[in-house]
Amino acid sequence: MPSNQNLQGGKAFGFLKAQQRDRLEEINKEYLEDQKYSDEEDLAEKLDSFKNKYSEFDLNDQGDIDMMGLKRMMEKLGVPKTHLEMKKMISEVTGGSSDTINYRDFVKMMLGKRSAVLKLVMIFEDKANGAGCKPDGPPPKRDIASLP
């Protein structure tokens, strides 16, 4: 009997999370070795950050972010979305091929040139966290040139 059969509660969850992180790490290696992304600056750091963010919200531990995971993610980031908006977000990331977001889709979205709603939310959240404190009042007006 495999040793993970004896784990219960938090230990079992920790074991699952460790397994999941290993899987995500394998996928990250593929991106690091992919010529298509060789000119991406700070790729290793970005992939590490994506891995942490993704595993935080992969709530079904199936390796995918499902509708509930995305809902919690958006609420935690302070931008709750309607069911329809979330369906649209998932469709945007997966190209309509799935109703869950797998890690490859997530990384492709984050590294890709297209701007998906989820990507914008993630980028904004990173910037907000990096700033240390959120400014009061409405966000400053931005022109197209300043967008990532």
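Author: Start with the order of elements. From the N terminus, the chain runs α-α-β-α-α-β-α-α. Keep in mind that this is a predicted model.

Reader: How many helices and strands does the chain have?
Author: Six helices and two strands.

Reader: What share of the 148 residues is buried?
Author: Buried residues make up 32% of the chain. The accessible surface is about 9800 Å². Carbon and sulfur atoms account for 54% of that surface.

Reader: And contacts along the sequence?
Author: Take contacts between residues at least 6 apart in sequence. Of these, 54% join residues at least 24 apart.

Reader: Now the packing. What describes two packed helices?
Author: The angle between their axes and the distance between the axes. Here, take H2, residues 43-57, and H5, residues 103-111. The angle is about 130°, and the axes lie 11 Å apart.

Reader: Is the crossing of H2 and H5 left-handed or right-handed?
Author: Right-handed.

Reader: Which residues make the contact?
Author: From H2: Leu43, Lys46, Leu47, Phe50, Lys51, Lys53 and Tyr54. From H5: Tyr103, Phe106, Val107, Met110 and Leu111.

Reader: How do they split by class?
Author: The contact of H2 with H5 has nine nonpolar residues and three charged ones. No polar residues take part.

Notes:
Residues are numbered from 1 along each chain as its sequence is written. This is a predicted model: local features need pLDDT of at least 70, side-chain atom pairs count only at pLDDT 80 or more; totals for chains, interfaces and linings use all residues. Side-chain values use heavy atoms; hydrogens and water are left out. Helices (H or I, at least four residues) and strands (E, at least two) are DSSP runs, numbered from the N terminus. Buried means under 20% relative accessible area, exposed over 50%, partly exposed in between (1.4 Å probe, protein chains only). Contact means heavy atoms within 4.5 Å. Accessible areas come from the Shrake-Rupley method with a 1.4 Å probe; for residues, only the protein chains shown count as cover. Axes are lines fitted to C-alpha atoms, for helices over the stretch in contact, and angles run from 0 to 180 degrees between N-to-C directions. A crossing is left-handed if the near helix is turned anticlockwise from the far one by less than a right angle, and right-handed if clockwise. Ala, Val, Leu, Ile, Met, Phe, Trp, Tyr, Cys and Pro count as nonpolar, Asp, Glu, Lys and Arg as charged, and the others, Gly among them, as polar.
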